[in-house]
Amino acid sequence: MKNPWPLLVLALLLAGCPLPNHRHSLRIRDTVSETKEGVSLAWYQTVGVELEPGNKVELVHNGHVFDVLEQEIRAARSSIHILVYIWRPGDPSDRLIQALRERHPGVTCRILVDPLGSIRFEDDVGPQLVAAGCEVRVFRSLRGTVSSLNLKRLQSRLHRKLAVRDGVSGLTGGWGIWRVWEGGGQKPDEWRDANIWVQGPAVRGIQLAFAQNWQEAGGDLLPPEAFPEPMPVQGEARAGFVSHTGEPVVTNAERMTLLAIASAKKRLWIANSYFIPTGPIQDMLIAKAKAGVDVRVLTPGRHHDIPPVHEGQRATYHRLLENGVRIWEYEVSMMHSKTLLVDDRLSMVGSTNLDPLALSAEEGSLVVDDAELAGKLAQAFEEDLRHSHEIHWEGWRRRGLFKRLSERVTVLFGKYL
């Protein structure tokens with residue numbers, strides 16, 4: 001045979017291609033440097049984002065997010081950009097629309113929402129924003145999606161939550177513009193959530209994520225003033241915004257999460273609202289627990305907004321608990337945070353969930369290397385544990401057969417969504 005390569009390639013494909021670069025072998029086994037420069041280089045190599053110095057960062061919990069949003073709108077002098085998955089009528093929407101009506105003269109307002117999350121937006125909220133002088137767009141319209149059975153397009157949603165003021169100040173996290181985000185997150189109808197407000201060079205990445213989604217929705221290129229140069233230095237924190245979208249192989253969401261887990265030496269505390277981690281993420285969590293790292297996971301409990309996801313989440317408990325990962329369920333309201341804390345310096349706050357659907361969505365998280373912020377995130381995590389119930393291995397492994405079956409059915413069904 002003159003050219004054996006086609007047959008060899010075919011044989012490998014038929015054999016399942018058991019080579020070292022198979023996607024399910026993705027693990028980050030190397031020791032991640034503890035120096036600031038080494039941490040930044042690791043993030044650059046893994047997700048293409050450096051942790052730049054010069055940022056001021058602040059955690060924003062629960063309903064306080066609307067105070068910050070209103071403040072940013074009223075402080076804007078050139079532009080205000082808001083991108084959100086959920087924007088629904090009523091309070092606090094009315095409050096923010098009023099602030100937009102009263103914004104400084106000449107401030108350009110661009111609004112982008114996802115139609116799946118923003119129920120009644122196009123009939124109610126959208127026209128009010130247009131009347132206030134905002135340019136309003138909808139991302140990946142649902143028209144024709146269901147009738148054409150285009151499930152991939154239906155799944156591929158805009159789940160990021162971003163607000164950018166003048167290109168120098170940004171807000172991201174799990175927030176949405178709806179009544180459930182008001183209050184303190186300690187009542188059934190008030191969701192617990194965590195967000196981060198950043199000023200400095202890292203805002204450029206948040207603005208870039210907005211610009212890319214804005215273009216896809218038919219918007220024009222943002223003007224140069226949306227990306228000011230040089231970017232003002234505001235603080236001491238190193239930070240970078242990691243954005244990701246659905247891809248056919250390994251997404252930045254997976255890479256980002258795996259690198260954060262691999263970086264842990266002493267502590268790895270995760271709060272996540274839709275916790276159905278992939279096999280590689282579970283493997284690394286277990287490896288860290290067995291290596292003596294304090295691995296804790298905080299998930300929603302009985303107030304989960306999507307019960308089937310709660311069942312799917314619980315299907316992952318058995319293996320994790322059996323191998324030393326500690327798990328809590330938040331008991332007083334829906335826990336909607338998406339945070340990750342590594343040791344005493346590295347924090348991750350954003351919209352990134354750890355479930356299969358998140359890998360097909362537009363997501364993003366701010367990664368911060370800063371001891372002060374890590375301390376505040378640890379304090380908030382410990383406070384949340386006081387309102388949570390720990391799931392213990394001995395009790396969990398004795399749960400009934402019906403519960404086991406419902407969890408497995410949910411997971412199997414989820415693989416085909």
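Predicted model: local features only at pLDDT ≥ 70, side-chain atom pairs only at ≥ 80, totals over all residues.
Student: How many aromatic pairs turn up in the whole structure, and what kind of pair do W181 and W191 make?
Tutor: Searching the whole structure gives five aromatic pairs. In the W181 and W191 pair, the ring centres are 5.1 Å apart and the planes sit at 65 degrees. Planes over 60 degrees apart count as edge-to-face, so W181 and W191 are edge-to-face.

Student: How many residues apart in sequence are the parts that W181 and W191 tie together?
Tutor: W181 is in the loop between β6 (169-173) and β7 (194-199), and W191 is also in the loop between β6 and β7. W181 is buried, with a relative accessible area of 1%. The pair therefore ties together parts whose separation in sequence is 10 residues.

Student: What sort of pair do W269 and F381 form?
Tutor: Their ring centres are 5.1 Å apart, with the planes at 25 degrees. Planes under 30 degrees apart count as stacked, so the pair of W269 and F381 is stacked.

Student: And how many residues apart are W269 and F381?
Tutor: The pair links distant parts of the chain, with W269 in strand β9 (residues 267-272) and F381 in helix α12 (residues 371-385). W269 is buried at 4% relative accessible area, and F381 is buried at 5%.

Student: Which residue lies over the face of W269?
Tutor: There's a charge over a ring at W214 too, where the charged end of R137 sits 5.6 Å from the ring centre. For W269, the distance from the ring centre is 4.6 Å, and the residue lying over the face is R267.

Student: Let's do helices. Are α4 and α5 roughly parallel or roughly antiparallel?
Tutor: Helix α4 (residues 93-101) packs on helix α5 (residues 121-131) with the axes 9 Å apart and an angle of about 15 degrees. Their crossing is right-handed. Angles under 35 degrees count as roughly parallel, so α4 and α5 are roughly parallel.

Student: Which residues of α5 meet α4?
Tutor: From the α4 side, the residues are S93, I97, L100 and R101. Across from them in α5 are V125, Q128 and L129.

Student: Are α2 and α8 roughly parallel or roughly antiparallel?
Tutor: The axes of α2 (residues 36-47) and α8 (residues 252-263) come within 9 Å and cross at roughly 155 degrees. This crossing is right-handed. Angles over 145 degrees count as roughly antiparallel, so α2 and α8 are roughly antiparallel.

Student: Which residues of α8 make the contact with α2?
Tutor: The α2 side brings A42, W43, T46 and V47. T46 is buried, with a relative accessible area of 19%. Leaving out residues up to four places away in sequence, T46 touches I28, N252, R255 and L259. The contact on the α8 side comes from N252, R255, M256, L259 and A260.

Student: How far apart in space are A132 and R103, C-alpha to C-alpha?
Tutor: A132 is in the loop between α5 and β4 (135-138), and it is buried at 14% relative accessible area. Not counting residues up to four places away in sequence, A132 touches L100, R101 and R103. A132 and R103 are 29 residues apart in sequence, while the C-alpha to C-alpha distance is 9.4 Å.

Student: On to the backbone: what is omega for the cis bond from E229 to P230?
Tutor: A cis peptide bond also joins D91 and P92, with omega about 5 degrees, and P92 is in the loop between β2 (79-84) and α4. P230 lies in the loop between α7 (203-216) and β8 (237-244). For the cis bond from E229 to P230, omega is near -5 degrees.

Student: What is the positive phi of D166?
Tutor: R140 has a positive phi of about 50 degrees without being a glycine; it is in the loop between β4 and α6 (151-155). D166 is in the loop between β5 (162-165) and β6, and it is buried, with a relative accessible area of 11%. D166 is not a glycine either, and its phi is about 60 degrees.

Key. Residues numbered from 1 in each chain as written. Heavy atoms only, no water. Phe/Tyr/Trp six-rings, centres within 6.5 Å; stacked < 30°, edge-to-face > 60°. Helix = DSSP H or I, 4+ residues; strand = E, 2+ residues; numbered from the N terminus. Buried < 20%, exposed > 50% of the residue type's maximum accessible area, 1.4 Å probe, protein only. Lys NZ or Arg CZ within 6 Å of the ring centre and 35° of its normal. Axes fitted to C-alpha atoms, helices over the stretch in contact; angles between N-to-C directions. Parallel < 35°, antiparallel > 145°, perpendicular 65-115°, else oblique. Left-handed = near helix turned anticlockwise from the far one by under 90°. Contact = heavy atoms within 4.5 Å.
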